[in-house]
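Good morning, everyone. Please look at the slide with me, and I will keep this short.

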Amino acid sequence: GLFQIMSEHGIKSARTPGKMRHLAADRAALPAVGDWVSAESVQNEKVVLIRRILPRRTKLSRKAAGETMEEQVIAANLDTVLVMTAFNADFNMRRLERFLTVSLESGAVPVLLINKLDACEEPGPYLAQAKAAAGSAPVIAISAKTAEGFDALNAWIKPGLTVGLIGSSGVGKST
């Protein structure tokens, strides 16, 4: 039930008032990563109170796990979503299409990022498939190990922009 918010006073723990939780139609109406909020310090309390969520410019979301049809907001106010896969057995066109669709629907700019170029002897077929799936979204081949392709990637990572990174486990997101 606690959130972390960043302000001019640093990072603080925060909570939503009971009324906000009660009036929320679902979890998507509660704060998410990237939301801008109006918060208030409460006298004699270490936890600040989130009073309002400011309107979201973009919203990256999916169906929440389970049998309900509830929306789960993954991140808000992203400028760019880097959809990451790898030049290996993880490369899956249907999964890429799903990630790209979710990214496009968010309102952010999707960029397809294919990692592990250094480990692939023949990247051409992967790139051709990726470009076909990506439509107008840029496709960037990189190697996190050798930094090949980082110049093209850096065009999307700039001060003042908020970038999200999505992809399957093992494609090199942490790297």
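Let me start with a term. Buried means under 20% relative accessible area, exposed means over 50%, and partly exposed is in between (1.4 Å probe, protein chains only). Now the ground rules. This is a predicted model, where local features need pLDDT of at least 70, side-chain atom pairs count only at pLDDT 80 or more, and totals for chains, interfaces and linings use all residues. Residues are numbered from 1 along each chain as its sequence is written, and side-chain values use heavy atoms, with hydrogens and water left out.

First topic: salt bridges. Side chains of opposite charge can pair when their charged atoms come close. We call it a salt bridge when a side-chain nitrogen of Lys or Arg is within 4 Å of a carboxyl oxygen of Asp or Glu. By this rule there are eight salt bridges. I will show you some of them.

Helices (H or I, at least four residues) and strands (E, at least two) are DSSP runs, numbered from the N terminus. Take R51 and E40. Their side chains meet in a salt bridge, 2.7 Å from N to O. This pair links distant parts of the chain: R51 is in strand β4, E40 is in strand β3, and they are 11 residues apart. R51 is partly exposed, at 44% relative accessibility. E40 is partly exposed too, at 35%.

Next, K59 and E71. Here the salt bridge is 3.1 Å, N to O. K59 sits in strand β5 (residues 59–63) and E71 in strand β6, so this pair also links distant parts of the chain, 12 residues apart.

Now a helix. Which residue pairs with E97 in a salt bridge? It is R94, at 2.7 Å, N to O. Both lie in helix α2 (residues 93–106), three residues apart, about one turn of the helix. E97 is partly exposed, at 29% relative accessibility. R94 is exposed, at 52%.

Second topic: backbone angles. N44 has a phi near 65 degrees, which is positive, and N44 is not a glycine. N77 is not a glycine either, and its phi is positive at about 60 degrees. N44 lies in the loop between β3 (37–40) and β4 (48–53). N77 lies in the loop between β6 (71–76) and β7 (80–86). Are they buried or exposed? N44 is exposed, with a relative accessible area of 79%. N77 is buried, at 4%.
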